[in-house]
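I opened this entry to log what I looked up, topic by topic.

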Amino acid sequence: MEGEIKKLFKVWLSVVASLSYCYFLASKISNGKLRLISLLPIIFLFTILPLQLSYVFPIGLTTLSFSWLGNFKLLLFAFDKGPLSNHNHHPFLHFIIIACLPIRIKENGQYPQIHPTSAPKLPLNWPAKVLLFAIFVSAHDYERFVHPKIVLLVYCCMVYLLIDIIFGMIIGLVRAASGLELEPPSDEPYLSTSLQDFWGRRWNLTVTYLLRHTVYKPVRSFFNDVLGCGWGPLPAVLAAFLVSGLMHELLFYYITPVGPSWEMTGFFVLHGACVAVEIGVKRVFSGRVQLHPAVSTPLTVGFVVGTAMWLFFPPLTRTGAVEKAMEEIKAVLDFSEVIKRCILKSNHVGG
């Protein structure tokens with residue numbers, strides 16, 4: 001573990017040095033091809049950074065934050081777009097935070113909340129999610145007594161909880177340290193009324209925002225000229241989901257590392273095709289046919305969970321990635337319990 005901490009420290013040093021170059025030097029180059037060329041060494045470095053690490057969670061967070069989101073932000077920055085485009089108005093520290101963390105900043109209304117006037121419909125605040133996740137982790141030792149499909153269903157819940165817990169903790173720390181106004185990581189995806197609603201407005205909103213601007217919009221612009229504005233968005237949707245699938249394959253290759261089975265890419269391509277069909281059907285019927293949320297929500301969430309159990313999780317369970325992740329989580333929980341006892345003991349002695 002000590003060796004992994006040293007590796008993480010080196011990774012973060014290289015990231016800060018790279019982003020310093022971007023902020024002080026690359027930003028002075030005119031946006032477009034020249035700035036993109038100047039950023040290519042940084043993009044390459046960010047892509048290979050996870051290879052320096054050994055544990056599941058450091059690899060996963062490094063891949064997500066730098067190899068995926070960080071590189072996408074730099075691609076947009078090359079053309080003076082995206083969250084880093086206002087670099088002249090950002091202090092250096094804010095530029096570093098925005099570039100390397102999986103957060104989405106609200107600025108002058110540029111990043112509006114999805115449902116700004118609605119309160120959460122279910123009382124799953126951050127502490128409740130932590131408690132529920134801890135219960136699932138504690139129950140992991142008994143999974144051999146449970147039907148495999150139930151285990152996969154629990155894994156689906158754990159992925160949602162884990163992403164919201166980690167992102168929520170990062171958002172809380174960034175707000176406290178910098179005062180930046182940030183968007184939540186997700187918006188109650190378990191209440192989605194369609195796949196378009198789930199992927200476009202509720203699930204993992206930072207990733208959604210970056211895919212929309214790095215993949216969806218450029219591809220849509222191209223196909224609008226070929227197919228017309230009515231049907232141009234359909235291949236753009238497929239392209240965004242394909243890129244998402246490939247980035248997930250890269251992420252889990254770094255974690256395992258085992259050659260891709262392409263099941264994960266298949267999961268996202270399938271969902272991209274279904275979202276494209278949804279868009280086409282809505283356009284044909286012009287919104288005249290609409291299911292009640294009591295029907296559409298179970299159908300949507302059931303389809304997401306069912307296809308995840310079929311295509312998303314098997315590559316992770318086969319390679320032992322889930323077991324490694326569980327061991328690391330339990331080690332963190334055990335360590336936090338030791339720290340808690342030491343604090344309580346010191347307070348008792350001091351009292």
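**Aromatic rings**

I looked up Trp199 and found it buried, at 13% relative accessibility. My cut-offs: buried is under 20% relative accessible area, exposed is over 50%, and partly exposed is in between, with a 1.4 Å probe and protein chains only. The model is predicted, so local features need pLDDT of at least 70 and side-chain atom pairs count only at pLDDT 80 or more, while totals for chains, interfaces and linings use all residues. Residues are numbered from 1 along each chain as its sequence is written, and side-chain values use heavy atoms, with hydrogens and water left out.

Phe198 is also buried, with a relative accessible area of 7%. I then counted aromatic pairs and got 23 in the structure. How are the rings of Phe198 and Trp199 arranged? Their centres are 4.8 Å apart and their planes stand at 85 degrees, so the pair is edge-to-face. The rule: rings of Phe, Tyr and Trp (its six-membered ring) pair if their centres lie within 6.5 Å; planes under 30 degrees apart are stacked, over 60 edge-to-face, and the rest tilted.

I checked Tyr253 and Tyr254 next. Their pair is tilted, with 6.1 Å between centres and 50 degrees between planes. Tyr253 is partly exposed at 39% relative accessibility, whereas Tyr254 is buried at 11%.

I also noted one aromatic cluster whose members include Tyr155, Tyr190, Phe198, Trp199, Trp203 and Phe313.

**Cysteines**

How many disulfides does the structure hold? I found zero; a disulfide would be a pair of cysteine sulfur atoms within 2.5 Å. I checked Cys156. Its closest cysteine sulfur is in Cys157, 6.7 Å away, which is too far for a bond. Cys156 is buried, with a relative accessible area of 13%. Cys22 is buried too, at 0%.

**Empty space**

Rolling a probe the size of a water molecule over the atoms shows where empty space is left. I worked on a 1 Å grid over the protein atoms alone: a cavity is a set of points where a 1.4 Å probe fits but cannot get out, a pocket is an open set with protein on both sides within 12 Å along at least five of seven lines, and lining residues have an atom within 4 Å of a point. Grid points are joined across faces, edges and corners, and a volume is the space filled by probe spheres set on the points.

The count came to one cavity of 30 Å³ or more. The largest cavity has a volume of about 60 Å³. Which residues lie nearest its centre? Of the 10 lining residues, these are Lys73, Pro83, Ile103, Arg104 and Tyr209. Helix H8 (residues 205-227) gives the most to this lining, three residues. Helices (H or I, at least four residues) and strands (E, at least two) are DSSP runs, numbered from the N terminus.

I turned to the second largest pocket. About 1,300 Å³ of space lies in it. Its lining has 32 residues, with Phe57, Leu61, Ile166, Met169 and Val332 nearest the centre. Helices H1 (2-24), H3 (56-78), H5 (126-139), H6 and H13 (321-350) are the elements that give two or more residues to this lining. By class I logged 27 nonpolar, two polar and three charged residues. Ala, Val, Leu, Ile, Met, Phe, Trp, Tyr, Cys and Pro count as nonpolar, Asp, Glu, Lys and Arg as charged, and the others, Gly among them, as polar.

Helix H6 (residues 148-178) has 31 residues. From first C-alpha to last, H6 reaches 44 Å, close to the 45 Å expected at 1.5 Å a residue. The expected span is 1.5 Å times one less than the number of residues. Just after H6, Gly179 takes a positive phi of about 80 degrees.

Most residues other than glycine have a negative phi. I looked for cases that go the other way. Asp80 has a positive phi near 60 degrees. Asp80 sits in the loop between H3 and helix H4 (92-100) and is partly exposed, at 33%. Glu188 has a positive phi near 45 degrees. Its place is the loop between H6 and helix H7 (195-202). Is Glu188 buried or exposed? Glu188 counts as buried, at 9% relative accessibility.

Last, I checked Val301 in helix H11 (residues 293-312). Val301 is partly exposed, with a relative accessible area of 25%. Its C-alpha is 8.4 Å from that of Ser194, 107 residues apart along the chain.
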